[in-house]
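Student: Please show me how to read the features of a model like the one below, with the cut-offs behind each term. I would like the general idea before the particular case.

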Amino acid sequence: MNKKIKVFAPATISNVGCGFDTIGFAIEKPGDIVSLNLRNDGIVKINKITGDGGVLPYEIEKNTATVGILELLKNFPDKNIGVDVEIHKKMPIGSGLGSSAASSVAAVYGMNKLLDNYFPEADVLNFAVKGESIASGAIHADNVAPSLFGGFVLIRDYNPIDSIKLPVPQNLFCTVLYSQIVIETKQARKLIKKNIPLKKARKHFGNIGTLVSGLYENDLNKIGKSIEDEISEPARASLIPNFYEIKNAALKAGAYGCSISGSGPSIFAFSKSEIDAKKIGSAMKNVVNKIGIKSTLYISKINPQGPKII
C-alpha cells in the first residue's frame with residue numbers, strides 16, 4: 001500500500017444550458033491539487049491550503065476535501081487509518097467551475113487509491129458528493145460526477161445517485177470566460193423558481209433530449225441548438241454584468257451555444273476548433289474589458305479522463 005499520493009482533479013461545467021442539476025462535463029484546465037500522506041493514528045488533519053486567499057477552513061468538518069475523506073473512512077473497516085492533507089487551489093473559488101467539487105474529488109479519489117481502491121466508483125462518487133455539499137448547501141452531483149469520471153455525465157436521479165456517462169464528441173472545444181466577481185452557489189440557488197410553466201418545461205425537456213442525441217451523434221449543430229436554459233439562466237443572468245451582451249458576442253463569433261456555467265459568473269461557449277474557441281473567447285473578453293472587470297479565459301477540449309495522479 002502506498003503512503004503518499006498527489007492528485008489533480010479538473011474543473012467542470014455544470015447545467016450545460018438545458019441540464020440544470022443533471023448534466024455536466026469536465027475540462028482540461030484549470031483544476032485543484034490535493035496531496036495526501038497516510039497516518040496510523042486515525043487522525044485526519046489539514047496541514048496546508050494554498051491559492052485560496054485564506055478563506056477556506058482548516059476545520060476538517062467544514063472543508064469539502066476532508067468531509068469527503070471522513071465519509072470514506074467512516075465506511076472503512078480499519079479505524080486506525082488517518083491522513084495528512086494539503087490542498088492547493090488552482091482555480092478561483094465561487095467561479096461556477098466546480099471548485100469545491102474538484103477539491104472533494106481529488107481528496108476522495110486519492111484516498112481510495114491509497115486504500116488500494118477498496119471502494120467501488122459509485123461509493124467514491126457518493127463520498128465526494130457529500131464533501132461538496134458542505135460548500136453548496138445541497139446534494140447535487142453534476143459537478144462532482146464529471147470531475148470524477150471525466151467527459152459528459154448525466155445524473156438521472158439523486159435518491160440514490162444514478163449517473164450515466166455520455167459520449168464525448170472528438171472536435172468539441174469549450175471556451176470559458178471567468179469574470180472576476182464572486183457568486184455564492186447558496187445565494188444563486190435561492191433565485192431559482194420552485195415551479196416552471198408547462199410550456200417552458202416541455203421546451204426544456206426537448207432540449208435535454210436534443211443535447212444527449214447530439215452527443216451520441218457527434219452533431220455539433222444539435223448540441224448548439226440545445227444550449228437553451230429555461231430554468232437557471234433567466235434567474236441568474238442579472239448576477240453577471242453584461243451577460244447577454246457577452247453571450248451575443250460569443251454567438252456572433254461563431255459559438256455553437258453559450259450559457260452560464262453552474263451558478264456563474266463563468267460563461268461557457270462551444271466551438272469546433274481551438275482557433276474558433278480563441279476567437280470566441282476574444283469576443284467575449286472584449287465585452288468584459290469595456291466595463292472594467294478583470295477576467296480570465298480558459299480554452300479546452302472536453303476532458304475524458306477526470307482526476308489523475310501526478
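Tutor: Helices (H or I, at least four residues) and strands (E, at least two) are DSSP runs, and they are numbered from the N terminus. The model shown is a predicted one, in which local features need pLDDT of at least 70 and side-chain atom pairs count only at pLDDT 80 or more, whereas totals for chains, interfaces and linings use all residues. Residues are numbered from 1 along each chain as its sequence is written, and side-chain values use heavy atoms, with hydrogens and water left out.

Student: In which strand is Ser259 found, and which residues is Ser259 in contact with?

Tutor: Ser259 belongs to strand β8. Contact means heavy atoms within 4.5 Å, and, leaving aside neighbours within four places in sequence, the contacts of Ser259 are Gly17, Ile227, Asp229, Glu233, Phe243, Ile267 and Phe268. A separation between C-alpha atoms can be read as well: Ser259 and Phe270 are 11 residues apart along the chain, and their C-alpha atoms are 9.6 Å apart.

Student: Does Ser259 count as buried or exposed?

Tutor: Burial is read from relative accessible area, where buried means under 20%, exposed over 50% and partly exposed in between, with a 1.4 Å probe and protein chains only. Ser259 has 1% relative accessibility and therefore counts as buried. Ser263, placed in the loop between β8 (257-260) and β9 (267-271), is also buried, at 8%; among its contacts, leaving aside neighbours within four places in sequence, are Gly96, Thr185 and Arg236. Lys165 in strand β6 is partly exposed, with a relative accessible area of 46%. Leaving aside neighbours within four places in sequence, Lys165 is in contact with Glu121, Phe149, Phe152 and Tyr216.

Student: How should I read a nonpolar core, and which members touch the most others in the largest one?

Tutor: In soluble globular proteins, nonpolar side chains tend to be buried together. A nonpolar core is a set of buried Ala, Val, Leu, Ile, Met, Phe, Trp, Tyr and Cys residues joined through side-chain atoms within 4.5 Å. The largest one here has 69 residues, and Val16, Phe25, Leu36, Ile69, Met111, Phe152 and Phe270 touch the most other members. Helix α2 supplies the largest share of this core, 9 residues. Apart from it lies another core, of 21 residues, including Ala237, Ala253, Ala269 and Met284. As for Phe25, its contacts, not counting residues up to four places away in sequence, include Val16, Phe152, Cys174 and Phe270.

Student: How many disulfides does the structure hold?

Tutor: A disulfide is a pair of cysteine sulfur atoms within 2.5 Å, and the structure holds 0 of them. For Cys18 the nearest cysteine sulfur, that of Cys258, is 14 Å away, and Cys18 is buried with a relative accessible area of 0%. For Cys258 the nearest cysteine sulfur is that of Cys174, at 9.5 Å, and Cys258 likewise counts as buried, at 1% relative accessibility.

Student: What should I look for in the backbone, for instance where a cis peptide bond joins two residues?

Tutor: The angle to read for such a bond is omega, which is about 5° between Lys29 and Pro30; Pro30 lies in strand β2. Another cis peptide bond joins Asn159 and Pro160, with omega about 0°, and Pro160 is in the loop between β5 (152-158) and β6 (161-166). Asn15 lies in strand β1 and is buried, at 2%. Asn242, again not a glycine, has a positive phi of about 60°, and its place is the loop between α8 (233-236) and α9 (243-252). At 30% relative accessibility, Asn242 counts as partly exposed.

Student: What volume does the largest pocket have, and which residues lie nearest its centre?

Tutor: On a 1 Å grid over the protein atoms alone, a pocket is an open set of points where a 1.4 Å probe fits, with protein on both sides within 12 Å along at least five of seven lines, and lining residues have an atom within 4 Å of a point. Grid points are joined across faces, edges and corners, and a volume is the space filled by probe spheres set on the points. The largest pocket has a volume of about 720 Å³. Its lining has 38 residues, of which Ile93, Gly94, Ser100, Ala135 and Thr185 lie nearest the centre. The elements giving two or more residues to this lining are β1 (4-15), β2 (19-39), α2 (99-114), α3 (121-136) and α5 (185-190).
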